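Trainee: Please take me through this model term by term. I want to see each word set against its definition.

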Amino acid sequence: MSEFRKRYCSGVGAWYIRVSTDQQDTQRQHEAIAAWLTRHELIVPGQFQFEDHGLKRDQPEKRPEFMRMLKMAEVGLINWIVSDSQDRFGTKDKYQFMSFMHDLEFPTESGRSAKRVIVHA
């Protein structure tokens, strides 16, 4: 088991892919995430693979798969999320990104809070 996996990615993971227009291709994002998962000996079950097509990054509330993924993370079905890049995760700015990070906090067994890790492939 990789050290990264032991330290950061326990439990069930998810991946998120987004393109802004229907003309964009998701293949590069799929390949980057697949390579990252292989490198860290991780698997994302099919029901936790999320994609939005033709939707802008600065309107996360209008991206149905993104919102479904966040809700699943909030109730504890997802412990970590991987995306190709912060831009593909899709927030209007670094403040909104940090807000999502804050929203994805969860308590640990020791009583301290931890982040549901959002990493980049």
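Trainee: Which residues point one way from strand 3, and which the other way?

Mentor: Trp-80 and Val-82 point one way from strand 3, Ile-81 and Ser-83 point the other way, and all are buried. This is a predicted model, in which local features need pLDDT of at least 70 and side-chain atom pairs count only at pLDDT 80 or more, while totals for chains, interfaces and linings use all residues. Residues are numbered from 1 along each chain as its sequence is written, and side-chain values use heavy atoms, with hydrogens and water left out.

Trainee: What makes a stretch a strand or a helix?

Mentor: Both are DSSP runs numbered from the N terminus: a helix is a run of H or I with at least four residues, and a strand is a run of E with at least two. On that basis the protein chain has five helices and six strands. From the N terminus on, their order is α-β-α-β-α-β-α-α-β-β-β.

Trainee: Why does Val-82 count as buried?

Mentor: Buried means under 20% relative accessible area, exposed means over 50%, and partly exposed lies in between (1.4 Å probe, protein chains only). Val-82 has 0% relative accessibility, so Val-82 counts as buried.

Trainee: Why is Thr-26 called buried?

Mentor: Thr-26 belongs to the loop between strand 1 and helix 2. Its relative accessibility is 12%, so Thr-26 counts as buried. Leaving aside residues up to four places away in sequence, Thr-26 touches Ile-17, Val-19, Glu-51 and His-53; a contact means heavy atoms within 4.5 Å.

Trainee: Why is Glu-41 called partly exposed?

Mentor: Glu-41 has 43% relative accessibility, so Glu-41 counts as partly exposed. Glu-41 is in the loop between helix 2 and strand 2. Its phi is near 55°, a positive value in a residue other than glycine. Most residues other than glycine have a negative phi.

Trainee: How do you know that strand 1 is mostly covered?

Mentor: Strand 1 covers residues 13-19, and seven of its seven residues are buried. Gly-13, Trp-15, Ile-17 and Val-19 point one way, while Ala-14, Tyr-16 and Arg-18 point the other way.

Trainee: What makes strand 1 and strand 3 a pair?

Mentor: Two strands pair if DSSP finds at least two bridges between them. Four bridges join strand 1 to strand 3, so the two meet that requirement, and they run parallel. Ala-14 has Ile-81 as its bridge partner in strand 3, and Tyr-16 has Ser-83.

Trainee: How many bridges are there between strand 1 and strand 2?

Mentor: Strand 1 and strand 2 (residues 49-53) are joined by five bridges, in the parallel sense. The bridge partner of Val-19 in strand 2 is His-53. The chain goes from strand 1 through helix 2 (residues 27-39) to strand 2, in a right-handed β-α-β crossover.

Trainee: Why is a crossover called right-handed?

Mentor: It is called right-handed because, with the strands pointing away from the viewer, the path from the first strand over the helix to the second runs clockwise.

Trainee: Why are the buried residues of helix 3 said to be on the same side?

Mentor: The buried residues in helix 3 are Phe-66, Met-69, Leu-70, Met-72 and Ala-73. They cover an arc of only 160° around the axis, so they are on the same side of helix 3. The arc is that of the directions from the helix axis to the C-beta atoms. The face turned away from this buried side carries the exposed residues Pro-64 and Lys-71. The cover over the buried residues includes strand 1, strand 2, strand 3, helix 4 (86-89) and helix 5.

Trainee: What makes a set of residues a nonpolar core?

Mentor: The members are buried Ala, Val, Leu, Ile, Met, Phe, Trp, Tyr and Cys residues joined through side-chain atoms within 4.5 Å. The largest such core has 26 residues, and those with the most contacts inside it are Leu-37, Phe-50, Met-69, Ile-78 and Trp-80. Two or more of its residues come from each of strand 1, helix 2, helix 3 (64-74), strand 3 and helix 5 (94-103). Helix 3 gives the most, with five residues.
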